[in-house]
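Please read it with the coordinates open.

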Amino acid sequence: MSEPSAPKIEFPCENYPIKVIGDNHPTLQDRVIEIMQKHAPDIDLAQISQHVSRNGSFVSIRVRIRATGESQLKSIHADLLATGLVKMVM
């Protein structure tokens, strides 16, 4: 039997959700927004949400972008991890 393949995303994809988890650092949200605007300049800043973990060590930031392709998503992922503040991108 073959493995079922993952569902394919059709690009462009409006309102593509990205969740970023990182250290609770004062500049994290600004860095995430800067990177998102670099790769998806038309993001709606009003739709960005942030949640601090129970113990206050981590922050999750949710952003919705207009995803244009796999290369855009890979670039966003790489740039976010390169900050040193981001632990995971989903």
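1. Basis. This is a predicted model, in which local features need pLDDT of at least 70, side-chain atom pairs count only at pLDDT 80 or more, and totals for chains, interfaces and linings use all residues. Residues are numbered from 1 along each chain as its sequence is written, and side-chain values use heavy atoms, with hydrogens and water left out.

2. Sheet order. The model has an open sheet of 4 strands, ordered β2-β3-β1-β4, with antiparallel pairing. Strands (E, at least two residues) and helices (H or I, at least four) are DSSP runs, numbered from the N terminus. Two strands pair if DSSP finds at least two bridges between them. β2 and β4 are the edge strands; each has a single partner, so one side of each lacks a neighbour in the sheet. On average, neighbouring strands are turned by 25 degrees against each other, direction ignored. Axes are lines fitted to C-alpha atoms, for helices over the stretch in contact; angles between N-to-C directions run from 0 to 180 degrees.

3. Strand pairs. β1 and β3 pair over 9 bridges, in the antiparallel sense. Here Lys 19 stands opposite Arg 62 in β3. The antiparallel pair β2 and β3 has 4 bridges, and Gln 50 faces Ile 61 in β3. For β1 and β4 the count is 3 bridges, again antiparallel. Gly 22 stands opposite Val 86 in β4.

4. Helices on the sheet. α1 lies across β1, β2, β3 and β4 and runs at about 15 degrees to β3. α2 also packs on the sheet: it touches β1, β3 and β4, and its direction makes about 160 degrees with that of β4. Contact means heavy atoms within 4.5 Å.

5. Core. Which residues have the most contacts inside the largest nonpolar core? They are Ile 18, Val 32, Met 36, Val 63, Ile 65 and Leu 80, in a core of 21 residues. A nonpolar core is a set of buried Ala, Val, Leu, Ile, Met, Phe, Trp, Tyr and Cys residues joined through side-chain atoms within 4.5 Å. β1, α1, β3, α2 and β4 each give two or more residues to this core. In soluble globular proteins, nonpolar side chains tend to be buried together. Ile 18 has contacts with Met 36, Ile 61, Arg 62, Val 63, Ile 65, Leu 73, Ile 76, Val 89 and Met 90, leaving aside neighbours within four places in sequence.

6. A buried glutamine. Gln 72 lies in helix α2 (residues 70-82). Its relative accessibility is 7%, so Gln 72 counts as buried. The cut-offs are under 20% relative accessible area for buried, over 50% for exposed, and partly exposed in between (1.4 Å probe, protein chains only). Not counting residues up to four places away in sequence, Gln 72 touches His 39, Ala 40, Ile 65, Arg 66 and Ala 67.

7. Salt bridges. The count is 4, for a side-chain nitrogen of Lys or Arg within 4 Å of a carboxyl oxygen of Asp or Glu. One of them joins Glu 14 and Arg 66, with the closest N and O atoms 2.7 Å apart. Glu 14 is in β1 (residues 13-23) and Arg 66 in β3, 52 residues apart. Arg 66 is partly exposed because its relative accessibility is 30%.

8. Two further bridges. Asp 23 pairs with Lys 87, with the closest N and O atoms 3.4 Å apart. Asp 23 lies in β1 and Lys 87 in β4 (residues 86-89), so this bridge ties together parts 64 residues apart in sequence. Lys 87 is partly exposed at 48% relative accessibility, as is Asp 23 at 23%. Arg 31 and Glu 34 form another bridge, at 2.9 Å between the closest N and O atoms. Both lie in helix α1 (residues 28-39), 3 residues apart, about one turn of the helix.

9. The β2-β3 hairpin. β2 and β3 form a hairpin with 5 residues between them, and Gly 56 in the turn has a positive phi of about 80 degrees. Ser 53 lies in the loop between β2 (49-52) and β3 (58-67). Is Ser 53 buried or partly exposed? At 23% relative accessibility, Ser 53 is partly exposed. The Ser 53 side chain makes a polar contact with that of Asn 55, at 3.0 Å. A polar contact is a pair of N or O atoms within 3.5 Å; within protein, one must be able to donate a hydrogen and the other to accept it, and residues adjacent in sequence count only if both atoms are side-chain atoms.
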